[in-house]
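Trainee: Hi! Could you walk me through this one while I have it open on my screen?
Mentor: Happy to, let's take it piece by piece.
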Amino acid sequence: MNTDERYLHLLSTTYPTVADAASEIINLEAILNLPKGTEHFLADLHGEHEAFIHVLKNASGNIKRKVGEIFGNTIRESEKKELCTLIYYPEQKLELIKAQEEDLDDWYRITIHQLVRVCRDVSSKYTRSKVRKSLPEEFSYIIEELLHERSDDQDKAAYVAVIVDTIITTGRADDFIVAISNVIQRLAIDQLHILGDIYDRGPGAHIIMDTLRQYHSWDIQWGNHDILWMGAAVGNDACICNVLRLSLRYANLATLEDGYGINLVPLATFALETYGDDPCEDFIPKELKAQNRMDEKTLQLTAKMHKAISVIQFKEEARIFHRRPEWQMEDRCLLESVDLESQTCTINGVKYQLKDCNFPTGLVELTPEEDDLMKKLHHSFRVSEKLRKHIRTILSHGCMYNICNQNLLFHASVPLNADGTLKEVEILGKQYAGRQLMEYVGQLIRAAFQGDTPRELKDYAKDYFLYLWCGKDSPLFDKSKMATFERYFLTDRETFHEEKGYYFQLRNSAEVCDRILDAFGVKGETRHIINGHVPVHAGSGENPIKANGRMMVIDGGFSEAYHTETGIAGYTLIYHSRGFQLVQHEPFTSTQDAILRGTDIKSTTQIVEMSTHRMLVADTDKGEELRAQISDLKDLLYAYRHGIIKEKRS
């Protein structure tokens with residue numbers, strides 16, 4: 001029996017008769033002619049969980065737009081706002097409404113009919129089967145009936161009215177409203193793409209991860225900050241130090257302590273004992289809001305902890321750089337270039353003045369106290385069960401890049417030469433470029449977590465997380481250096497400069513973008529590169545659409561720390577059946593504001609690229625898969641009808 005025949009025998013177990021195979025062909029052909037599902041692209045969330053969750057709930061303003069289209073001038077603007085808030089936060093909004101609504105049954109009746117209309121609209125592009133799978137089990141039958149029966153049909157009006165009245169009289173109205181609101185949220189976004197950097201800066205990366213673990217369909221292209229946390233979780237001590245340093249830098253310990261149970265008491269104790277008399281002025285959190293959240297004593301302790309872990313970080317990094325000389329990063333062991341007598345640091349033969357010369361633990365090796373502290377911190381990261389779960393989730397849903405519907409997604413860059421050709425990067429004695437580089441890096445990352453990885457390769461993979469964080473040929477960094485030491489300890493601001501790689505210098509060239517797309521095998525006239533990593537300064541007039549539309553950079557500064565720099569508070573790129581839209585968000589006030597006052601994220605929509613025809617499932621990657629399935633099923637029909645395979649009738 002050849003391979004094709006074995007496959008058809010296997011397929012026949014699922015479709016045992018001609019009727020079964022023919023029915024599935026009819027079903028798949030019908031699906032091909034449905035409108036394409038809506039994809040949402042977000043990048044660089046950086047722990048801003050409230051804004052992220054709100055964007056998911058309002059589908060980047062799409063639900064508000066649909067409510068406006070459905071109800072037009074038939075209800076007041078204030079009522080539309082109330083309905084939208086109810087859809088976003090049904091449990092909380094219901095409590096407020098029940099406390100002030102005089103005729104609750106009447107409100108229930110009107111609201112349920114309104115919610116059914118919205119749900120009917122967002123479900124219209126899906127098959128009944130897909131919608132059914134999105135419905136909560138306890139209300140599945142009822143919602144399905146309401147979605148497919150129109151109240152304006154006189155023959156069915158009484159039927160629909162009785163269903164709604166029964167929901168109310170049996171005391172299930174609240175539960176039904178919560179259920180159908182969640183269905184609306186779910187169906188408004190078919191696929192969510194996260195283009196990296198869930199972690200650092202903001203307070204709720206762990207909350208974002210908890211949300212994503214429950215989300216129906218999403219993927220992530222790993223960012224440099226995600227890689228840092230992955231490295232910390234696998235036991236890279238330099239990554240652990242960087243994670244702690246950034247958390248202290250932004251005065252954000254919530255993810256570490258509340259999210260993952262990392263014990264910071266040993267670090268606080270060590271910092272007070274070692275840097276008790278040091279004002280640590282250059283280690284005080286810079287953001288005014290962060291400072292305002294803390295009293296003076298806490299601010300001083302944070303600064304001392306910040307300096308303590310920074311010094312240990314430079315020592316831990318130097319260990320790895322010396323262990324991996326092929327990375328050519330030993331010139332970044334700058335603590336070893338410090339001369340305390342002259343109060344200078346020598347970089348590339350030039351002496352620079354130090355602004356901080358207090359190094360009570362020395363400049364090269366960890367002291368016994370530092371070593372003991374690192375063992376405790378290492379243990380705390382390694383035993384955090386919740387951190388392990390979240391990293392496993394990132395691994396199972398993620399990769400270095402993704403190709404989806406003629407779009408190439410990655411977080412930061414593809415290393416290039418000065419002439420725009422793909423740069424070959426050496427890893428373990430072999431050269432990789434473009435797609436092969438991304439794929440091998442992804443394999444190396446996974447190797448660090450696998451129990452069957454050979455010891456030598458696993459050790460290298462663990463170290464390599466640091467290179468991905470700050471190595472000049474890392475596709476997640478792609479700069480000449482990370483000037484962390486210089487910013488903390490040197491006075492000459494010229495040393496702070498980090499030269500960006502050629503990718504960032506050439507990415508506005510359509511020719512270069514086409515070369516990258518060709519290298520990754522992305523085909524089609526409307527293909528694009530979509531990435532984040534570098535904030536777009538929209539407030540200064542920078543355009544996120546580059547290379548004549550070939551590239552879209554969607555890091556609009558979700559993180560509060562970037563709002564003044566970018567002038568906005570993030571982007572969502574939406575790809576629906578009619579084309580691309582870029583939604584530019586203003587800062588989100590708070591979830592409480594949204595619930596109490598109905599405030600929404602103010603968003604401006606920019607049409608990026610509209611299709612000449614409404615795109616169908618047939619025009620997508622899914623359509624290609626379905627056509628292949630149809631072809632296989634037709635082969636099975638042929639085999640049945642010509643006696644090659646017998647039908648399995650019961």
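Mentor: Let's start with a pair of residues: Glu 39 has Tyr 575 of β15 as its bridge partner. Keep in mind that this is a predicted model.

Trainee: What do β15 and β16 form, and how many residues lie between them?
Mentor: They form a hairpin, with two residues between the strands.

Trainee: Is β15 itself enclosed or open?
Mentor: All six of the six residues in β15 (571–576) are buried, so the strand is largely enclosed by the rest of the structure.

Trainee: Which residues are on which side?
Mentor: Tyr 571, Leu 573 and Tyr 575 are on one side, while Thr 572, Ile 574 and His 576 are on the other. Both faces are covered, with each of those residues buried.

Trainee: How does β13 pair with β14?
Mentor: In the antiparallel sense, over two bridges, with β14 spanning residues 551–553. Ile 545 has Met 552 in β14 as its bridge partner.

Trainee: And the sheet of three strands, what order does that have?
Mentor: β4-β5-β6, an open sheet with antiparallel pairing. Its edge strands are β4 (338–339) and β6 (350–353), each pairing on one side only.

Trainee: How many bridges are there between β5 and β6?
Mentor: Four, and the pairing of β5 (344–347) with β6 is antiparallel. One to pick out is Ile 347, whose bridge partner in β6 is Val 350.

Trainee: Let's do a helix. Which residues of α4 are buried?
Mentor: In α4, residues 62–71, the buried ones are Asn 62, Ile 63, Lys 66, Val 67, Ile 70 and Phe 71. Viewed down the helix axis, these buried residues fall within an arc of 145°, so they line one face of α4.

Trainee: Why would that spacing put them on one face?
Mentor: An α-helix has 3.6 residues a turn, so residues three or four places apart point the same way.

Trainee: Nice. What do the buried residues of α4 pack against?
Mentor: Four helices: α3 (49–57), α5 (77–88), α7 (104–122) and α11. Just after α4, Gly 72 has a positive phi of about 50°.

Trainee: Last topic, pockets. What volume does the second largest pocket have?
Mentor: About 960 Å³. Its lining has 35 residues, and Ile 31, Lys 130, Asp 190, Val 617 and Lys 622 lie nearest the centre.

Trainee: Which element gives the most to that lining?
Mentor: α28, with five residues. Other elements that supply at least two residues include α2 (18–32), α8 (128–134) and α11 (173–188).

Trainee: How does the lining split by class?
Mentor: The second largest pocket is lined by ten nonpolar, 13 polar and twelve charged residues.

Key: Residues numbered from 1 in each chain as written. Predicted model: local features only at pLDDT ≥ 70, side-chain atom pairs only at ≥ 80, totals over all residues. Heavy atoms only, no water. 1 Å grid on protein atoms, 1.4 Å probe; cavity = no way out; pocket = protein on both sides within 12 Å on 5 of 7 lines; lining within 4 Å. Points joined across faces, edges and corners; volume = space filled by probe spheres on them. Nonpolar A, V, L, I, M, F, W, Y, C, P; charged D, E, K, R; others polar. Buried < 20%, exposed > 50% of the residue type's maximum accessible area, 1.4 Å probe, protein only. Arc of directions from axis to C-beta. Contact = heavy atoms within 4.5 Å. Pairing = 2+ DSSP bridges.
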